Amino acid sequence: MIERIIIAGSGGQGIMLMGKILAEAAMLDNLHVTWFPTYGAEVRGGAAYCMVIISSEDIPSPYIEKADTLIAMNEASLLKFRHRLRSRGLLLMNSSLISKSIKTNASLKVYAFPFTEAASRLGNIRVANMVALGIYIAKRGIFNKQIILSIIERIAPAQKRDLIEVNRQALEEGMRLVR
Amino acid sequence: MGRLAESKTLMSGNEAIGEGAIRAGCDFYAGYPITPQNELTAYMARRMAEQQRIFIQAESELSAINMVLGAAAAGARAMTSSSSPGISLKQEGISYLAGCQLPCVIVNIMRGGPGLGNIAPSQSDYFQATRGGGHGDYRCIVLAPDSVQEAHDLMMLSFELADRYRNPVILLGDGMLGQMMEPLKLAPFNSLKRGKSKQWALTGCLGRQPNVIKSFYMQEGQLEEFNRALQGKYKRIQMQQQRWEELYISDARVILVAYGTMARITRSVVRRLRQRGERVGFLRPISLWPFPQRAFRRIVERRPRANLLVIEMSYGQMVEDVRLAVEGRLRVEFLGRSGGGIPSQEEITRATARCRRR
């Protein structure tokens with residue numbers, strides 16, 4: 001089994017965190033995993049992406065040339081990475097921030113949902129990433145909800161424990177959207 | 001960071017290097033921030049304080065390396081870290097450390113150059129690391145990990161070798177290795193007999209003859225004699241510390257040679273070509289100085305008709321050592337990009353096919 005995921009969006013959307021949660025989940029599952037981010041002169045609103053590879057075998061290159069999954073949190077990142085998806089790959093897109101007119105390869109499995117609006121309805125726009133993650137785990141079926149929730153609980157800072165609940169709701173909302 | 005049943009932790013290369021230093025018994029760190037190694041400095045700021053050891057964010061790279069010199073002279077396990085332009089600034093201090101035969105560990109998480117360059121991963125400081133870098137006839141031991149785990153483990157080894165040979169050791173990584181995260185099995189803490197084992201250190205001479213640490217020899221013949229002794233030490237290191245990893249050499253027609261992150265990407269290609277039944281081998285130098293000449297001499301004997309393809313994130317630096325090691329007896333081809341470009345699996349596959357046809 002190998003799953004190569006590119007998660008892309010803009011700084012502040014929790015792109016790195018999504019990748020880290022998946023990486024932690026893979027490690028808990030005794031799978032091999034690598035996580036590689038954009039780094040350096042990053043700013044809120046600037047381009048951000050990370051590459052996560054999960055595999056039952058050891059992973060030579062952490063750099064993804066052809067992805068199995070692309071999670072595009074905004075339009076710029078879809079345009080940048082849509083050609084990196086292999087045929088029949090999984091594309092999750094945030095239709096809140098991506099115009100309907102953008103063409104994607106017909107061979108792809110595409111799931112477009114308004115992640116950002118769904119997060120707004122839950123009262124915190126910043127959990128759009130967890131909506132996306134919920135859709136991802138529901139569609140790929142490689143991790144269950146409990147593992148993801150346990151990781152969120154563990155990494156949530158002590159002074160922000162109240163955020164765990166809205167993250168849980170967002171994850172469940174994502175899973176519900178594709179049910 | 002999570003701790004697991006089988007006690008693995010998800011860590012970045014920079015953090016894993018920092019924790020390696022902590023567990024190796026590093027008791028002095030001085031550095032100055034620079035991308036892409038900032039997480040290492042930040043990690044040490046927190047962990048050194050937790051361990052009640054010394055962390056100093058110096059006012060400059062020059063200051064940091066000379067603080068390391070002072071701490072090493074006093075017998076501390078001392079280190080600094082930086083990225084390419086910062087390491088250039090440290091070269092004078094590194095030459096003095098080598099000249100004073102002081103142990104220390106210097107981490108270079110390489111970025112693009114020359115000049116201020118950019119912050120993308122690069123391997124273009126190979127010459128600087130393996131040829132000395134500063135003035136004078138000296139060498140640093142240079143170790144090049146290709147994974148978060150190996151970066152951690154080689155940090156333990158770096159401190160050990162620095163002390164054993166009283167010599168600076170450079171851990172050479174790149175931005176990709178520094179930034180990427182992988183599950184890490186933490187090494188056990190090193191139980192050290194600090195101070196006592198360093199008879200030469202400047203620890204206060206009450207009740208004994210004063211020790212002298214210097215790199216200045218003005219009397220006729222003195223410096224030459226000192227340099228001969230240094231060269232003897234380097235010869236010993238060359239005999240004892242060549243390290244490498246090799247795969248599928250015994251039937252290989254083309255052998256791909258790469259180190260660090262470039263070796264990870266190359267390994268992907270080797271695996272795929274092997275699955276197709278192609279006779280491709282893989283050689284990864286781990287010690288860049290001493291260069292693993294022994295590995296290449298064995299290839300010359302065992303595979304006298306093989307072609308070598310050296311792949312680097314530079315325009316050809318390690319390839320010179322490969323050519324010296326095979327002494328013209330094997331054909332050596334090169335593929336490299338730099339300044340932010342990373343040779344892709346497709347480019348490596350095409351270059352391998354060209355090598356096979358020759």
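## Two cis peptide bonds in chain B

P36(B) sits in the loop of chain B that runs between β2 (28-31) and α2 (38-50). Helices here are DSSP runs of H or I with at least four residues, strands are runs of E with at least two, and both are numbered from the N terminus. The peptide bond leading from T35(B) into P36(B) is cis, with omega near 5°. P114(B) belongs to the loop between β5 (104-110) and α6 of chain B.

This is a predicted model, in which local features need pLDDT of at least 70 and side-chain atom pairs count only at pLDDT 80 or more, while totals for chains, interfaces and linings use all residues. Residues are numbered from 1 along each chain as its sequence is written, chains are lettered from A and ligands numbered from 1 in the order in which they are written, and side-chain values use heavy atoms, with hydrogens and water left out.

## Positive phi angles

Q101(B) is not a glycine, yet its phi is positive, near 55°. Q101(B) lies in the loop between α5 (91-99) and β5 of chain B. R166(B) also has a positive phi in a residue other than glycine, near 45°. R166(B) is placed in the loop between α7 and β7 of chain B. Its relative accessibility is 23%, so R166(B) counts as partly exposed (buried means under 20% relative accessible area, exposed over 50%, and partly exposed in between, with a 1.4 Å probe and protein chains only).

## The two domains of chain B

Chain B is divided into domain 1 (8-204 + 228-240) and domain 2 (245-357), with bounds that come from an automatic or database domain assignment. The centres of the two domains, taken over C-alpha atoms, are 27 Å apart. Their contact (heavy atoms within 4.5 Å) takes 33 residues from domain 1 and 28 residues from domain 2. Between them the domains of chain B bury about 2600 Å², 51% of it on carbon and sulfur atoms. Buried area is the accessible area (1.4 Å probe) that two parts lose on being put together, summed over both. On the domain 1 side, Q123(B), Y126(B) and D146(B) lose the most area to domain 2, together 30% of what that side buries.

Five salt bridges cross this interface of domain 1 and domain 2 of chain B (a side-chain nitrogen of Lys or Arg within 4 Å of a carboxyl oxygen of Asp or Glu). E150(B) and R284(B) form a salt bridge, with their closest N and O atoms 2.8 Å apart. Across the interface of the two domains of chain B there are also 18 residue pairs in polar contact, both residues at pLDDT 80 or more. A polar contact is a pair of N or O atoms within 3.5 Å; within protein, one must be able to donate a hydrogen and the other to accept it, and residues adjacent in sequence count only if both atoms are side-chain atoms.

## Where chain B meets chain A

The contact between the chains involves 27 residues of chain B and 23 residues of chain A. Chain B and chain A bury about 2100 Å² between them, and 64% of this is on carbon and sulfur atoms. L10(B), M181(B) and R271(B) supply 25% of the area that chain B buries against chain A, more than any other three residues.

Two salt bridges are counted between chain B and chain A. In a salt bridge between E57(A) and R271(B), the N to O distance is 3.9 Å. Of the elements of chain B, α10(B) gives the most to the side that touches chain A, with five residues. That side of chain B divides into 12 nonpolar, eight polar and seven charged residues. Ala, Val, Leu, Ile, Met, Phe, Trp, Tyr, Cys and Pro count as nonpolar, Asp, Glu, Lys and Arg as charged, and the others, Gly among them, as polar.

## Salt bridges within the chains

Over all chains, the whole structure holds 34 salt bridges. R140(A) and E3(A) form a salt bridge with closest N and O atoms 3.0 Å apart. This pair links distant parts of the chain, 137 residues apart: R140(A) is in helix α4 (residues 128-140) and E3(A) in strand β1 (residues 2-10) of chain A. R140(A) is partly exposed at 22% relative accessible area, whereas E3(A) is buried at 4%.

In chain B, R267(B) and E245(B) meet in a salt bridge (2.9 Å, N to O). R267(B) is buried, with a relative accessible area of 13%, and E245(B) is partly exposed at 21%.
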